[in-house]
Amino acid sequence: MKHVNIPVFVPHLGCPKQCVFCDQRAISGVRSFDMETARRTIEDHLATIGGAEAEIAFFGGSFTGIGEARMRALLDLAEEYVRAGKVLGIRFSTRPDCIDEGILSILSRYSVKTVELGIQSASERVLALSKRGHTAEDSKRAMDLLVYAGYEVVGQMMLGLPGAEREDDRETARFIADCGAAAARIYPTAVFRDTELCDMTRRGEYVPMTEEETAERGADVLEIFARRGVEVIRIGLPASAGEEGDAFFAGPRHPAIGEKIRSRLYGRILDEALREAGIPSAGEGERVCLTVETAVGEVSAAAGYGRENKIRIEKEFNVKKVKFIENPAVSRYNIVLSSEFSASEGGAGTCI
């Protein structure tokens, strides 16, 4: 059954710091908040989701930092729908330094299932340059508390933050996996107007990632999560991020950046499989026809964004044709490769 989050945005509420990159109002498109709006949002979503399994999700700010009275009021509101059988549970996003034993004691009285933790980076240098106001040790402590308490934890990270090298992003992905996260979100750093990061960009102190760099760095961390069994539930900001008042200033903004990143990872997987199978480079030996079996729903990503993987393989390897098909026995980010010599060139149909 399809899972649906009913998003209730609490923009910039509860954040004790102003990160250099942050404009939650531009990202979410929400500039005001009240309890009636929250209830109306929930009711509107429930009217459209059909039989999907749903959780009420408090996103946008640091939920556990908004003050106990307001937090309890929102949890009480969500709990009404849980008790009525209309949703399965509650989830929210927050900062690592807004999780402690006292917060967990409050949460234990409600049907909270999932906590999304804004780790962003495991590098102390990058966290300081981004003015996050917490340390990697704070993230580790919060993760340990949440995992031990039995919550499903989603680690949120950002690619290309100020001062972050490619290895810093990879180390953050490993950190999130090591801490026991069940899932992750990957957000390429975008520059919004009226933020300190925008000023840094104007002064040349920060250089935003290109789309090509984003695809490469995104594939790096996606591969780590895939190998460690951490499900990536989102890559990239919402498509509407920065639209209000043209808030977007610079950085990767491709509407399908997640597909480009997934495509890049599959390109690496295909290259490795072709080399291991001994498929020669273009112009060397006999040409072959390839069949690539993927998990259900993964054919498009494996063939590549704009079929870039298929086109490149047929150009760079001695391959006449590549066919992509689904196989329910194949898991995501894995492939089964088989080939036969082209009949038109006298091949004998050898399988690899």
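What share of the contacts in the protein chain with a separation of 6 or more comes from residues 24 or more positions apart? The figure is 79%, where contact means heavy atoms within 4.5 Å. This is a predicted model: local features need pLDDT of at least 70, side-chain atom pairs count only at pLDDT 80 or more, and totals for chains, interfaces and linings use all residues. Residues are numbered from 1 along each chain as its sequence is written, and side-chain values use heavy atoms, with hydrogens and water left out.

**Overall make-up**

- The protein chain has 12 helices and 12 strands. These are DSSP runs numbered from the N terminus: helices are H or I with at least four residues, strands E with at least two.
- Of the 352 residues in the protein chain, 53% are buried. Buried means under 20% relative accessible area, exposed over 50%, and partly exposed in between (1.4 Å probe, protein chains only).

**Aromatic pairs**

- There are 4 aromatic pairs. Rings of Phe, Tyr and Trp (its six-membered ring) pair if their centres lie within 6.5 Å; planes under 30 degrees apart count as stacked, over 60 as edge-to-face and the rest as tilted.
- Phe192 and Phe248 pair edge-to-face, at 6.3 Å centre to centre and 85 degrees between the planes.
- Phe192 sits in strand β7 (residues 191–192) and Phe248 in strand β9 (residues 248–250), so this pair ties together parts 56 residues apart in sequence. Both Phe192 and Phe248 are buried.
- Tyr266 and Tyr333 have ring centres 5.4 Å apart and planes at 35 degrees, so their pair is tilted.
- That pair links distant parts of the chain, 67 residues apart: Tyr266 is in helix α10 (residues 257–276), Tyr333 in the loop between β11 (319–326) and β12 (336–341).
- Tyr266 is buried at 0% relative accessible area. Tyr333 also counts as buried, at 15%.
- Phe58, Phe63 and Phe92 form one aromatic cluster.

**Packing of α10 and α12**

- Helix α10 packs with helix α12 (residues 308–316) at about 30 degrees, with axes 10 Å apart. Axes are lines fitted to C-alpha atoms, for helices over the stretch in contact, and angles run from 0 to 180 degrees between N-to-C directions.
- α10 and α12 are therefore roughly parallel (under 35 degrees; over 145 is roughly antiparallel, 65 to 115 roughly perpendicular, the rest oblique).
- On the α10 side, the contact residues include Tyr266, Gly267 and Leu270. On the α12 side, they include Arg312 and Ile313.
- The residues of this contact divide into 4 nonpolar, 3 polar and 4 charged. Nonpolar covers Ala, Val, Leu, Ile, Met, Phe, Trp, Tyr, Cys and Pro; charged covers Asp, Glu, Lys and Arg; the others, Gly among them, are polar.
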